[in-house]
Amino acid sequence: MKIHKEGYGIIGKAFAIFAVIAIILYFVLKWGLAFQICAAVCLVLFLLVVNFFRSPKRMTVMDDNLVIAAADGKVVAIKEAYEDEYLKCNCIQVSVFMSIFNVHVNYFPISGRVIYSKYHEGHYIVANHPKASEKNEHTTIVVESHKGSKVLFRQIAGYIARRVVCYAEQGMEATQGQEVGFIKFGSRIDFFLPSDARIMVKKGQNVRACETVIAKIS
């Protein structure tokens, strides 16, 4: 299993912490059932941390007319919304919520030029809350496709997530399926799509990054 580079530091710290806890418990409890149970719990928690930072290989759907999922997760909202940070127009908003069990690598949903990328400090309310897109720490990215369509998407931190990592820089050329960042522990991605986009997912549907088509755009 490939581990994402954003996880190296945290995994190392987690290993050290759980190892110290196990050593202390060994001296306190000796080699008995209680110690074995505690050691097993430490091991399971460590493996969960490692699993969170997995970075599986994906086969990307490449098509300038398609917006693909930027993250694994569950579609929690599909609605009309006014995007007032950059696009300044009515859009179709599609929100994908990532639980702590989902892969948290984020990818560009479409190829083109990054025309806007901005980090916003914020709060840490539950990521599936309707106000999370505005209130929580997030990064807003806008990609203009080779055909002129603009797609805005946001990496949004959640109640557990405390750091949004974004590699997108204004002016760079983005490739569909290329890594755009990582959100550490439970979070959300919001898409703001052209109002004439044909949405290809349904609320409650589970999606896979790089593989699930979110929408078709003209």
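Colleague: Why is Cys 210 called buried?

Modeller: Bear in mind that this is a predicted model. Cys 210 has a relative accessible area of 1%, and buried means under 20%, so the label applies to Cys 210.

Colleague: Where is Cys 210, and what is its phi?

Modeller: Cys 210 belongs to the loop between S13 and strand S14 (213-216). Its phi is near 75°, a positive value in a residue other than glycine. As background, most residues other than glycine have a negative phi.

Colleague: Which loop holds Lys 88, and what is the phi there?

Modeller: Lys 88 is in the loop between S2 and S3, with a positive phi of about 55° although it is not a glycine. S2 and S3 form a hairpin with five residues between them, and Lys 88 is in that turn.

Colleague: Why does Lys 88 count as partly exposed?

Modeller: Lys 88 has 48% relative accessibility.

Colleague: What makes S9 and S13 edge strands?

Modeller: The open sheet has eight strands, in the order S9-S5-S6-S7-S11-S3-S2-S13, with antiparallel pairing. S9 (173-174) and S13 are its edges: each pairs on one side only. For S9, two bridges join it to strand S5 (residues 112-120), and Arg 113 has Glu 173 as its bridge partner in S9.

Colleague: Moving to the helices, why is H1 called roughly antiparallel to H2?

Modeller: The axes of helix H1 (residues 8-29) and helix H2 (residues 33-52) come within 10 Å and cross at roughly 180°. Angles over 145 degrees count as roughly antiparallel, so H1 is roughly antiparallel to H2. Residues making the contact include Ile 10, Phe 15 and Leu 25 of H1 and Ala 34, Cys 42 and Phe 46 of H2. By class, the contact has 18 nonpolar, no polar and no charged residues.

Colleague: What makes Phe 15 and Phe 46 an edge-to-face pair?

Modeller: The structure holds nine aromatic pairs. In the pair of Phe 15 and Phe 46, the rings are 5.7 Å centre to centre, with 65° between the planes. Ring centres within 6.5 Å make a pair, and planes over 60 degrees apart make it edge-to-face. Phe 15 lies in helix H1 and Phe 46 in helix H2, so the pair ties together parts that are 31 residues apart in sequence.

Colleague: Why is the pair of Phe 108 and Phe 153 edge-to-face?

Modeller: Their ring centres are 6.3 Å apart and their planes stand at 85°, so the pair is edge-to-face. Phe 108 is in the loop between strand S4 (105-107) and S5, and Phe 153 is in strand S7 (residues 150-157), 45 residues apart. Phe 108 and Phe 153 are both buried.

Conventions: Residues are numbered from 1 along each chain as its sequence is written. This is a predicted model: local features need pLDDT of at least 70, side-chain atom pairs count only at pLDDT 80 or more; totals for chains, interfaces and linings use all residues. Side-chain values use heavy atoms; hydrogens and water are left out. Axes are lines fitted to C-alpha atoms, for helices over the stretch in contact, and angles run from 0 to 180 degrees between N-to-C directions. Helices (H or I, at least four residues) and strands (E, at least two) are DSSP runs, numbered from the N terminus. Angles under 35 degrees count as roughly parallel, over 145 as roughly antiparallel, 65 to 115 as roughly perpendicular and the rest as oblique. Contact means heavy atoms within 4.5 Å. Ala, Val, Leu, Ile, Met, Phe, Trp, Tyr, Cys and Pro count as nonpolar, Asp, Glu, Lys and Arg as charged, and the others, Gly among them, as polar. Two strands pair if DSSP finds at least two bridges between them. Rings of Phe, Tyr and Trp (its six-membered ring) pair if their centres lie within 6.5 Å; planes under 30 degrees apart count as stacked, over 60 as edge-to-face and the rest as tilted. Buried means under 20% relative accessible area, exposed over 50%, partly exposed in between (1.4 Å probe, protein chains only).
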